[in-house]
Amino acid sequence: MSRLRRPIRAAAGLATAVALSLTAGGCVTVHGELAVLPAAKPSEAEKALEDFTDAYNAADKAYDPALDADRVTGALGEINQAGLKAGSVVSPNGNTRHQPLELTDAKYTIPKKAGWPRWFIADTTSNRNRPDGPKFRWVLAFVRNAPEEPWKCAYLTILRPGDVPEFKKDADGFAESVEPDSEALAVAPGDLSEEYASFLKSGSPEHFADGPHTDKWRESREENGRLPGLTTQYVDEPLGDGDFAPLAMRTADGGAMAFFATRIYERQTGAKGVRPEVSADVKALMKGEVKNSLTKNWISSQAALVAPNGGGGAGGGGTDAPAVDVKGRLQGVTGATGS
């Protein structure tokens with residue numbers, strides 16, 4: 001599986017699947033009434049994906065964040081822009097290893113809703129899949145805040161085909177978005193970021209399914225927390241407002257696929273005479289000088305299946321199944337401090 005751009009860490013899933021989150025809300029008045037309309041025409045969604053891919057490739061080839069700054073936002077935007085900035089410092093003449101990204105076989109899930117912002121999902125395949133490997137799907141969430149603004153990609157998650165859920169569609173083929181404060185789900189989309197940050201800290205609440213992005217990640221942190229001469233501490237903070245607000249789309253089982261983001265502070269402290277190692281990508285984003293400690297600032301985006309309120313658990317696993325199943329995580333360093 002490929003990466004977007006260093007310094008991105010794609011967490012290993014059941015087969016190294018990764019993933020990502022933003023929100024919808026507001027109203028638009030048409031002839032004095034609130035109108036529920038498709039968020040985009042299929043041709044608009046297709047053009048948005050094309051524009052994103054073109055801008056991403058241009059920026060990645062030149063290591064110039066300005067070239068796709070108007071096509072990314074939210075968690076993906078923070079990760080992408082920081083990675084390009086680091087690349088421009090490490091390789092000021094551009095990315096000599098650039099390989100154009102191709103996103104094909106796109107399936108669009110477009111909800112009907114009133115007002116702005118509007119959003120949709122593009123479920124695609126990419127040329128980053130190995131011929132002899134799993135056929136991962138690149139699932140992108142696009143957001144548009146106003147008629148005069150361009151569509152921007154807010155979240156990316158990379159999943160096995162079997163992990164992409166079936167979305168609820170009406171007779172016209174349009175989907176249904178879920179508001180952040182919805183009580184129709186076992187956990188409101190607006191609460192996911194805070195509850196996930198709490199779970200990573202303490203293991204509570206306990207309604208997260210076991211997996212590489214939940215209990216296994218906590219175990220990995222604990223194992224790596226104290227290594228010879230080096231101590232690592234983690235602080236997780238929720239991100240749920242503005243460009244980082246959650247997005248959720250109703251699935252056919254009555255639940256939803258939700259995207260949400262968190263911020264992570266990872267502090268490494270060396271024992272006397274031990275200095276934490278700093279990669280070139282991180283150093284390019286760092287303030288201060290590493291003497292015996294290094295703090296990395298990460299943005300992490302998650303994609304999860306959330307069960308309906310009172311339903312059979314995320315993914316339809318029965319009444320005792322966990323309410324939230326985090327299917328993927330994509331995270332990247334956005335800043336660092338040495339001391």
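Helices here are DSSP runs of H or I with at least four residues, strands are E runs of at least two, and both are numbered from the N terminus. This is a predicted model, in which local features need pLDDT of at least 70 and side-chain atom pairs count only at pLDDT 80 or more, while totals for chains, interfaces and linings use all residues. Residues are numbered from 1 along each chain as its sequence is written, and side-chain values use heavy atoms, leaving out hydrogens and water.

Helix α1 has 21 residues and reaches 31 Å from its first C-alpha to its last, close to the 30 Å expected at 1.5 Å a residue, the expected span being 1.5 Å times one less than the number of residues. Among its buried residues are A45, L49, F52 and T53. T53 has a relative accessible area of 9% and, leaving aside neighbours within four places in sequence, is in contact (heavy atoms within 4.5 Å) with L101 and L103. Just after α1, Y63 takes a positive phi of about 55°.

Now to the cores, each a set of buried Ala, Val, Leu, Ile, Met, Phe, Trp, Tyr and Cys residues joined through side-chain atoms within 4.5 Å. In the largest nonpolar core, of 30 residues, V187, L192, Y196, F208, V306, V324 and V326 touch the most other members. A second, separate core of 24 residues includes A45, L49, F136 and F142.

Notes
Buried means under 20% relative accessible area, exposed over 50%, partly exposed in between (1.4 Å probe, protein chains only).
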